[in-house]
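Please open the structure in a viewer and keep the selection tool at hand. The stops below are to be visited in order.

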Amino acid sequence: MRSGSARRARLLEYSRSISRTVGMKAASLVSPGEISTHPLRIEEVPPPDLTPGHVVLRVRACGVCRTDLHIVEGELPRRRENLIPGHQIVAEIIGGGRPDLPLGMRVGVCWMGGVDGTCWYCQQGFENLCDSPTFTGYTVQGGYAERALARADFVFPLPESLDDLHAAPLLCAGIIGFRSLRVAEVGRGERVGLFGFGASAHLAIEVLKSWKCAVYVSSRGESHRRLAASLGADWVGNEHEQPPVELDRAITFAPSGDVVVAALASLRKGGVVAINAIHLDRIPQFDYDRLLWGERQLRSVANMTRADARDFLEVAAKIGLKPKVTVFSLPQANEALTAVKNDAIDGAAVIVP
Ligand SMILES: [Zn+2]
Ligand SMILES: [Zn+2]
């Protein structure tokens, strides 16, 4: 047993040393802009070196998130040159292993790639709001590559029941969707609206159904509405239709301020809208007396904590959460991003390098 694992460790070290001499394939952001005219460059780059407190990973799958698109298209300010996007990484540890994170272990890496641990927010337990956070695939290199480097205290061992492809979309879409339910303070059996039905919402609905909630889905995409119905939505409508009942909670996933107003308009008094969007065009003017008065609340959802990740992965394993995925190869990274942009796929896109 022991000699087997030592041999495996040597093999992993060997494969890592080989890969360092030959480089690795990655999709790099050369100049942010419209994806059709500013695609990622598929190229050979030097693989990451192991640094203290980190682990080197062999990427097995990486989910594609709408935030990647915002970064690639320059809607979020540029933070580094030749960025490798991707922050839903399923990977195997091939360097920097330690007793609790042995070589060969399968782990997940999320959008939160690290925090300072010293700012007021970290000290109060709000590490998602850290003043100096590290974001995977934004401030540090991400997972649209064959290898990646991650902070050892920000990787999450993955339950065995979740395979690579189906675990990847859980790592942002799933976790942030789960955090949105927490921010909206969803209680068991409540009436919950999901506005927009992409990668995140199609996972949140299954968590909500396991909590016996009634779920009302509004989406502009017909295939998204069909998917929502097949996943047990109690009501499905397009963006111009209003749910037939007043909602206790609503979560908006579409990157549009109009949708936020539509969600507000469907709330009961005292209800909460949680906005799950890192970027919104704007929120149009709305009527305070009718839409916000009555202690209705509007909240944003920012990032995630490690506790969100651990709790959600446990829930996902328990309820057998299985995202709907469409697989792309690494050279197809631009096609994957374009598909997300055009809402052309149901569920989540996943890149397999
Ligand atoms: Zn901090
Ligand atoms: Zn994301």
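By class, the residues lining the second largest pocket comprise 13 nonpolar, 8 polar and 5 charged ones; Ala, Val, Leu, Ile, Met, Phe, Trp, Tyr, Cys and Pro count as nonpolar, Asp, Glu, Lys and Arg as charged, and the others, Gly among them, as polar. The model is predicted: local features need pLDDT of at least 70 and side-chain atom pairs 80 or more, while totals for chains, interfaces and linings use all residues. Residues are numbered from 1 along each chain as its sequence is written, and side-chain values use heavy atoms, without hydrogens and water.

Next, select strand S8 (147–151), which gives the largest share of this lining, 5 residues. Strands (E, at least two residues) and helices (H or I, at least four) are DSSP runs, numbered from the N terminus.

Now select Phe126, in the loop between helix H3 (120–123) and strand S7 (134–135). Is Phe126 buried or exposed, or partly exposed? Phe126 is partly exposed, because its relative accessible area is 40%, and buried means under 20%, exposed over 50% and partly exposed in between (1.4 Å probe, protein chains only).

Finally, move to Ile351 in strand S17 (residues 348–352). Ile351 is buried, as its relative accessible area is 0%. Select Val207 as well: the C-alpha atoms of Ile351 and Val207 are separated by 25 Å, and the two residues are 144 apart along the chain.

Terms used
Chains lettered and ligands numbered in written order.
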